[in-house]
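Morning, everyone. I have one structure to walk you through today. Please have a look at it first.

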Amino acid sequence: MGMRSTLPLPSWNIVLTQIIFYFILEDFVFYWGHRILHTKWLYKHVHSVHHEYATPFGLTSEYAHPAEILFLGFATIIGPAVTGPHLVTLWLWMTLRVLETVEAHCGYHFPWSPSNFFPLYGGSDFHDYHHRLLYTKSGNYSSTFTYMDWIFGTDIGYRKLKALKRATVEDNIEQKKH
Ligand SMILES: [Zn+2]
Ligand SMILES: [Zn+2]
């Protein structure tokens, strides 16, 4: 009685389906919003605040111009806004989303992180590359996954660098053999 809620908790099936849907939708909307923020005027006046850190750490994930927080926050809330989840699902989603972005900015790829189980997950390696280069040449605009940048060709620089690093490692191994 009193303040006790009478709404039952949703089943794990519903919670998981909604959260997966939010991650995919967020990534899609974030990708385009983030690309818009990398146009000349918006970058100079808004998004450059977030890019003050070329080598980010966890807290810098939330460090941005207030207009950017409102603008990209839209990507986070659109999923719950269209599906009307249980409050517990909403809390879980917000928590996972913050943890995900903190991990992407923390500068480390942890081998024990649960995110390693997600297919096509970007993580800190992917987003670190985005912070290394300024303005329009950065690429890697997605928040969570890598496929949007792959489809729209905005990860070319990142993939080239990865290939170069792999080749260097293989070269070193070859040289040691001789
Ligand atoms: Zn950016
Ligand atoms: Zn960032």
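Predicted model: local features only at pLDDT ≥ 70, side-chain atom pairs only at ≥ 80, totals over all residues.

Let me start with a term.

Now take residues 12-33. That span is 100% helix and 0% strand. Its end C-alpha atoms are 31 Å apart.

Next, the whole protein. How many helices and strands does the protein have? The count is 7 helices and 0 strands. Along the sequence, the pattern reads α-α-α-α-α-α-α. The C-alpha trace spans about 75 × 45 × 30 Å along its principal axes. There are 178 residues, and 28% of them count as buried. Look at contacts with a separation of 6 or more: 56% of these come from residues 24 or more positions apart.

Now to helix packing. Start with helix 1, residues 12-37, and helix 4, residues 87-105. Their axes come within 10 Å and cross at roughly 45°. Helix 1 and helix 4 are therefore oblique to each other. The crossing is right-handed. Which residues make the contact? From helix 1, we have V15, Q18, I19, Y22 and E26. From helix 4, we have T89, L92, W93, L96 and R97. By class, that contact of helix 1 with helix 4 divides into 6 nonpolar, 2 polar and 2 charged residues.

Helix 4 has another partner: helix 5, residues 123-132. Here the axes are 7 Å apart, and the angle is about 65°. This crossing of helix 4 and helix 5 is right-handed. On the helix 4 side, the residues are E103, A104 and H105. They meet G123, S124 and H127 in helix 5. What is the class make-up of the contact of helix 4 with helix 5? It has 1 nonpolar, 4 polar and 1 charged residues.

To wrap up, follow helix 4 on the screen. Helix 4 meets helix 1 through residues including W93 and L96. Helix 4 meets helix 5 through E103, A104 and H105. That's my tour.

How values were computed: Residues numbered from 1 in each chain as written. Chains lettered and ligands numbered in written order. Helix = DSSP H or I, 4+ residues; strand = E, 2+ residues; numbered from the N terminus. Buried ≥ 20, exposed ≤ 12 C-beta atoms within 10 Å, placed from the backbone. Contact = placed C-beta atoms within 7 Å. Axes fitted to C-alpha atoms, helices over the stretch in contact; angles between N-to-C directions. Parallel < 35°, antiparallel > 145°, perpendicular 65-115°, else oblique. Left-handed = near helix turned anticlockwise from the far one by under 90°. Nonpolar A, V, L, I, M, F, W, Y, C, P; charged D, E, K, R; others polar.
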